[in-house]
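Good morning, and thank you for joining this group meeting.

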Amino acid sequence: MQKDLGSYRRSYEKSELSEASISDNPLELFQKWFYEVEASGGVDEPNAMTVSSIGADGYPKSRVVLLKKFTYEGFIFYTNYESEKGKAILANSKVCISFFWPNMERQIIIKGNAEKIAENLSDGYFESRPEGSKLGAIVSRQSEVIPNREYLESKLKELEKSYLDKEIERPSYWGGFIVKPVSIEFWQGRPNRLHDRIRYSLQADYDWKIERLAP
């Protein structure tokens, strides 16, 4: 099997990124870009992001999850703490998250340290989820091997019966992580592959160092 993809190319010409037009704080630029992508209507889930972690086998692994909140402190998403992803992050808190918004020709790469959020915050978000999503979080022992699809669906039916007219509480193994950034790189596509790359690096005094990188 072989396919040459060398002819797949395009010219990026939609925008530019200059030092004169950016904030001293990268979270403010992130918010600006996020709202612009959201308003563009060209991305189904602008909060979809790739989370990369280092597993117990020493290999990096990336997967797409949904960002649920961002603040000046960091980026929050939810998962099963006992999943492959959850175990990897708890063993090695250094992670990378990234966003790619092709309709705006933009990418953001964030390096940071992940930690569990407070239990009451996880409780609050879990309570806001639809019942089906709550039961799904309980029934799925994420990343474990299962015999077939029917096994999962039968477990869900059992749970639906057992929780009939009962409150569905958050399981202790499910909750949020916050990624506190130490580096945030903004990439804006430009013509002739001379893309704009601006990197913010967190300094000891909690200021951000701003540098332009060669494309």
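**A walk through the chain**

Let us start with I117, which lies in the loop between β6 and α3. Please keep in mind throughout that what we are viewing is a predicted model. Is I117 buried or exposed? Buried means under 20% relative accessible area. I117 has a relative accessibility of 9%, and therefore it counts as buried. Which residues does I117 touch, once neighbours within four places in sequence are left aside? The contacts of I117 are I76, Y78, Y81, S122, G176, F177 and I178. For a sense of distance, consider I117 together with E158: they are 41 residues apart along the chain, and their C-alpha atoms are separated by 30 Å.

Let me now step back to the whole chain. The chain contains 5 helices and 9 strands. In sequence order, the pattern reads α-β-β-β-β-α-β-β-α-α-α-β-β-β. The C-alpha trace spans about 60 × 55 × 40 Å along its principal axes. Of the 215 residues in the chain, 38% are buried. Among contacts with a separation of 6 or more, 64% are between residues 24 or more positions apart.

Next, I would like to turn to one helix. Helix α4 covers residues 131-139, and its buried residues are K134, L135, A137, I138 and V139. An α-helix has 3.6 residues a turn, so residues three or four places apart point the same way. What do the buried residues of α4 pack against? Their partners are α3 (119-128), α5 (149-162) and β7 (174-188).

We move on to the loop between β5 and β6. Strand β5 covers 94-101 and strand β6 covers 106-116, with N103 in the loop between them. N103 counts as buried because its relative accessibility is 18%. Not counting residues up to four places away in sequence, N103 touches K14, V37, S40, G42 and V43. E105 is also placed in the loop between β5 and β6. Although E105 is not a glycine, its phi is positive, at about 55°. Is E105 buried or exposed? With a relative accessibility of 2%, E105 therefore counts as buried.

Y206 counts as exposed because its relative accessibility is 68%. D205 also lies in the loop between β8 (196-202) and β9 (208-212). Together with D24, E28 and D207, D205 forms a negative surface patch.

That brings me, lastly, to charge across the chain. How far apart are the mean positions of the positive and negative charges? There are 31 positive and 33 negative charges, and their mean positions are 4 Å apart.

Thank you for your attention.

Conventions
Residues numbered from 1 in each chain as written. Predicted model: local features only at pLDDT ≥ 70, side-chain atom pairs only at ≥ 80, totals over all residues. Heavy atoms only, no water. Helix = DSSP H or I, 4+ residues; strand = E, 2+ residues; numbered from the N terminus. Buried < 20%, exposed > 50% of the residue type's maximum accessible area, 1.4 Å probe, protein only. Contact = heavy atoms within 4.5 Å. Lys, Arg positive; Asp, Glu negative; His and termini not counted. Charge placed at Lys NZ, Arg CZ, Asp CG, Glu CD. Patch = residues over 30% accessible without salt bridge, like charges linked within 9 Å, V, L, I, M, F, W, Y side chains within 5 Å. Areas by Shrake-Rupley, 256 points an atom, 1.4 Å probe, with all protein chains shown as cover. Salt bridge = Lys/Arg side-chain N within 4 Å of Asp/Glu carboxyl O.
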